[in-house]
Each structure stands twice: as C-alpha cells, then as structure tokens.
Amino acid sequence: MHRGIAGLAAFFTLAGAAQAEPKWMKARLGSFEAISDSGRKSATEALGQFEQLRFAIGAAMGQPDLRVDPPLRIIVFKNKAELQHGCFEGLRMGRDRMMACATAGGQLSPELLRELTRTLLETNFSAMPAPLETAFINFFSTFQSNGARNQWGAPPPREQQTREWALIERMITQPEYTARASIFLHNLAVGMDEPAAIRNAFGENPKKFEADTEQFFGSGSFAAVQAPNRPLNPDRDFSTTYLTSDEGELMHADLLMPDSQVVYQKLLSEGKEVAEANEGLAVLAMRAGNTEQARDYIEAARKAGTKNVVALTQYAALESDPDRAIPILKDALTIDPKYAEAHWELGQKISDPPRRMMEWKQAVKLAPRRSDWWAQYAQLCVSLKQYAEAGRAWMAAAQAAPNPQLREQYLTARGMIETQRLEDEDAQRRREAAEREADLNRLKAQARAEIADIEAKANTNPLSSAEEAKAVEWFGGPDDLKASGTIVRIVCGKQSRLDLKEDDGKVEHFAIGDISQIHSEGAGFTLSCGAQQSRKVTISFRPAKGSGRGSVAGVVTAIEFN
C-alpha cells in the first residue's frame, strides 16, 4: 500500500516537472517560421499575421507567393510586456537569417509592418519611384489581420499622408480602381513614368486622374476597407514540429540580445548545437569589433560543419587577408549559390578584374535593388572597356536609385559612355600607330646595321680580280637616261662596249658589263658579242662621269627590244 502511494506520488512529480518544462514548437509556412514555447496555437496564430501581410502585398502588386531571402524567423512571446523586454523593434539580421518578434494574439506594430513591406518589395520587385514606394510602405503600416479578416487603408499619422500616399490609398481601396491597381504598380516597378502607367492601367487622362486624386486627398475622407485574405487551415497549411529545449533556446538566442552570449556559451560547454553556437558567438564578436575572436569561432563552426552562409559572408567581408577570406566565401557559395552578398564580397577579395566582374555580375543580378553595387559594377565595366555592359549597369543603377539626385547622377554617367568609348578607340588607334612606327623604325635601323656590316666586310675583304670581273654595277634609279636606235655591234673584252646607231644616224658608244647579266625585255631576243642583226631597241644607261670612261656616253643598265 505504501509502495503504491509512493510510486503514484513519484509519477505525479515527474508529470508536473514535464508540464513545467516549456514545449518549444516550430510552425513553418513558405519563407516564414515561428518559434514559440507556448504550444502550436500561439506559433500558428503569430505566423498567420505575417502570412496575411505577405498575401495582401502580393495581391496589391499582382504577384502571389512572395519570398523572403534570407528566410524570416519569428520569435513568439506570451504578451506585449515580454516582447518589449526581450526583443527589438522591427526586423534585424540574426545569426543565420532575418529575425522578428510577435505575440500570438496581438497585431504587428507599424514599424514592423513597414520593414516587412520594404523587405518584401526589395526581394521581389524592381524599385518604384522613391516617393511612391515610401507611400506604398506607409499604406501597409496600418494593415491589420485577425486571421479570418484582413483590413487595409486606415490612414497613417498625418506626416505620412502625402499626395503619393493618397494616390496609393485611392487606387487600392476604391472599388473602381482596385482590380487594376496592380498593373499601375507593376508598370512603375519596370520603369514606366507615372502618367504612362496611369494611362496604361486605367485608360484615363493622366491630368484628370491626378486632379481627381488631389480632390480625394483634399477631402480627408480615408477609411479602412476589407483586404484580400488567404484562408488558412491550421491543421493543413502549417508545417509544425516540436523542438528540444536546446533548439528552442538556440533560436531564441538568435535574436542576438544581451543574454544571447550566455546561451551560446552554455550550449558549447554542454557540447550541444556546436556549429550554431560558434556561429552566434562569431557574429556577436564581429558586432563588438573583435575580428580575431570572430575568426576563432568561425573556424570552429567550419570544423563542426556549419551551413550558415550569413555568418560566413559577414566574417569574410571583415577579413583583411584575401587568402583567408576567399576559401570561406567559396564555402558559402557552395552552400547557397544564390546568396548575392557572398558573390559581391568574393568579387571584392579577388584582385583579377575580369574575375571580379564575373562575381559582381552575379551579385547585381541576384540583388537588383542595390544601386550602389550597380554603380561600382558599371565603373569596373568601364575600366575593362566593356562599354555596352557599363551602359546597362548605369541604367539599372538609375532605376534602383533611392532618390532623384542619385538617379540623375547615374543617368549622367550613362550618357558619358559613348564619349568614353570614342576617346578610348582614338587612344587605341594612336597607340597602334605609334607601335607600327616603332616597328618600322626598328626594321630600318636593323637594315642600316646589316648594310653597314656588309660594307665593312667588303671594305676589309676586297674582291679578287676574277670576282671583280663578274661584278655588275647596279643602276636603275631615277637618274637613268634612255636612248633609242639599232645596236650595231657589241665589242667584248676587258672593257666591253655597245655601239648604238641612234634614230638620227649618230653612233654612240656605251660601256657594257657581262652581257649575260644585263636586264633585257622582249621575247625571243638574246645578246651576243660581235656584229648584231638590225634590231630596234631602247636602252637605259647611267651617264658617264669624269674622264675615266673614255669616249663612252654611259653605262648600259637595261635593254628593251622593241
């Protein structure tokens, strides 16, 4: 009897302890996951708030299934007081993803709604003109959902009620425009100006539409209306799993609040969640400016098999040694090839400009809202003389510019591309001409050196009598003269001579060398010693100089038989 009572008491003691331990639950839907220590219902209710906002923004923009990258983790608190004590306002990057906080039954704060809306726009759409995008974000800052019903259109604080906000409010909440508002917003996101977007979406005269919007704005009559709602079945639409207390505490610590370091160190001391705890300590060390300590934690996380592209990329960006940073970034891109920040940082660390261009091209493609990246990428393209790509990059930078001043600056830079291209082509032509001239001068100098060498050899080693007899004087330059007539005879000997009877009957004597070496033109004729057959010829000769040649008129250089 006593043994049975003692056993029953022990059972209830253990059961009470089990009930006292928090039951960590993870609920997941799309890019969102909620973590709660108060059971499944609180996790799914909080997650539903985020999903309804995502659904409503997708409906307004005409694009369902919006994503968040990196994914968003929501820590669910029991009440507002706990949330204010244990969390921050809005969104913040945690250990490995974006983090936010919520309560199960409460509404999301205006600041959190603004940051969520901005994040969803930046991840899924090209930039709209800055004033209209700000107005769109302020419009959704008053969004509310109770799970079964959504509302939008309640006016924000007076300072946020701008002309652009009134335009968004009118289009989305007024029944005659609601269905086509997404077309207007899409047109703005792809770069169409506002009047053209109005005409294309609503088929109205832009000036009349704007006048009607001014009248709507001036009326001050703004009210919340029912918004699109996604029907959610808690048992079917949410993927839920239980977490261990260690996993729950780790994910709570990922908010990176003041007590997070203690949780990470406790997990490490117990040999639990080793990779994740080292990642968290590395991120905290980086935020504190302690790069050396962060390096130790990152290396420990890598040894433990980390899959955290966010922490790896953040550390590599701070690492001053490219030989250390590049392998870490390559590891990050092996884990997630589409992580834009890792591509960008890898390009920063690579010294070879063409390889840097390749990485940066991937980064701007994955993060088209980064106007600062586009601008640096455009400058790199110009330095590599990739002018067409530079022009596209400057245009993308202008499209993503957060204000009109930067947009104008980027468009000006794009307008200079053609001038830069022409100047570069002209400089290239000058360089090529200088290179050709240098090559020609080099060849001339080489030829002069070769001639001088030949002359020197000839002067030091004169021809023998036999070689001199065979030598033929070379003429044929512009000083040669011509004479026409009939060859009478060729006298061969030590000083050979050609007698020419000119057309006027006068006989002229010309010195001639080896007749076999004389250049002659005219088919079927050859020269021989002695009297010649009557042949009409034209001879080219170099006039005799001085008295050494006797009575000859010159030296024959060529004979043309007519």
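## The largest cavity

About 30 Å³ of space lies in the largest cavity of this predicted model, a cavity being a set of points on a 1 Å grid over the protein atoms alone where a 1.4 Å probe fits but cannot get out. The volume is the space filled by probe spheres set on the points. One cavity of 30 Å³ or more is found in a search of the whole structure.

The lining residues, which have an atom within 4 Å of a point, are Gln 49, Gln 107, Leu 108, Leu 113, Phe 143, Gln 144 and Ser 145. By class, three are nonpolar, four polar and none charged; Ala, Val, Leu, Ile, Met, Phe, Trp, Tyr, Cys and Pro count as nonpolar, Asp, Glu, Lys and Arg as charged, and the others, Gly among them, as polar.

## Helices H2 and H4

Helices are DSSP runs of H or I with at least four residues, numbered from the N terminus. H2 (residues 40-61) and H4 (residues 110-124) pack at about 50°, with axes 11 Å apart; axes are lines fitted to C-alpha atoms over the stretch in contact, and angles run from 0 to 180 degrees between N-to-C directions.

Contact (heavy atoms within 4.5 Å) involves residues including Phe 50 and Leu 53 of H2 and Leu 112 and Leu 113 of H4. By class, this contact has nine nonpolar, one polar and one charged residues.

## Basis of the values

Residues are numbered from 1 along each chain as its sequence is written. In this predicted model, local features need pLDDT of at least 70, side-chain atom pairs count only at pLDDT 80 or more, and totals for chains, interfaces and linings use all residues, while side-chain values use heavy atoms, leaving out hydrogens and water.

Definitions and conventions: Helix = DSSP H or I, 4+ residues; strand = E, 2+ residues; numbered from the N terminus. 1 Å grid on protein atoms, 1.4 Å probe; cavity = no way out; pocket = protein on both sides within 12 Å on 5 of 7 lines; lining within 4 Å.
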